[in-house]
Amino acid sequence: QQYKSPHFWIMLEKEFKDDNDKLVSSVCKYESSTGKLNYCGTICLQMNEEATLKPTTEFFSMILYNSDPNSKVYLRRFLNPLNVTKVSPSDDIEGINNFDIFVIQEGAKTSDGVILDYDNFIVQKINEFPVTFRPKSGVDDRIMQISLDKTQGVRHAKAKLLEALEVPAGANISLWECMSSEAAGTNPLKKRTFRKPLDYPISDDDQRRVNELFSNCDDGSKTLYYHL
């Protein structure tokens, strides 16, 4: 099936969500300074015989009707392993699903002109997961929760921790994997958690990704110990 934009393109989702010959997607604007999406409206794409979206000049004119005509357009995909695709006149797009989101990214709004493109931003967010860092000394007031990129390694974890601690990059810091388990306590409705660092720190040459450092956390926690 092929999808093309009809003339009456901003419509209420409820009007078309039950029509088998139409595909409905929301249109949002991406604020690069905050990472927020602002809802603009809904686009209804008419289904034809081929399973492809051909972004025409008419398509871009309509989707950017209230935006900078030089804006970038992305498709945020929720049932596709690609996650996000840049929409350009030269590339057809296959596999669009109902309620995938078209995202408009205008130019930089800050004085320095620096902007994180939406496709890089959303992939970064998809890869992030929270990790709890505990001081090996046991000082509770220095426990920190930091979002790490699960595709990166131990050097990435150290760099993010140093940044959060407001310590200069390159400072000597060591990380330990956590060993934890749960056991029944005096109250049968509550479990006690036992947690401690492993005996040896993680080497900078360790080839594992960050999300592979928690095999000893039987309680399901994502915890690393550190010493500065």
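Q: Which residue's side chain makes a polar contact with the side chain of serine 67?
A: This is a predicted model, where local features need pLDDT of at least 70, side-chain atom pairs count only at pLDDT 80 or more, and totals for chains, interfaces and linings use all residues. Residues are numbered from 1 along each chain as its sequence is written, and side-chain values use heavy atoms, leaving out hydrogens and water. A polar contact is a pair of N or O atoms within 3.5 Å; within protein, one must be able to donate a hydrogen and the other to accept it, and residues adjacent in sequence count only if both atoms are side-chain atoms. At 3.3 Å, the partner of serine 67 is lysine 29.

Q: Is serine 67 buried or exposed?
A: Buried means under 20% relative accessible area, exposed over 50%, partly exposed in between (1.4 Å probe, protein chains only). Serine 67 has a relative accessible area of 13%, so it is buried.

Q: Where does proline 130 lie?
A: Strands (E, at least two residues) are DSSP runs, numbered from the N terminus. Proline 130 belongs to strand β9.

Q: Why does proline 130 count as partly exposed?
A: Its class follows from its relative accessibility. Proline 130 counts as partly exposed because that value is 46%.

Q: In which sense do strands β9 and β13 pair?
A: Two strands pair if DSSP finds at least two bridges between them. Strand β9 (residues 128-135) and β13 have four bridges. Their sense is parallel.

Q: Which residue in β13 stands opposite phenylalanine 133?
A: Strand β13 covers residues 223-227, and four of its five residues are buried. Opposite phenylalanine 133 stands leucine 224.
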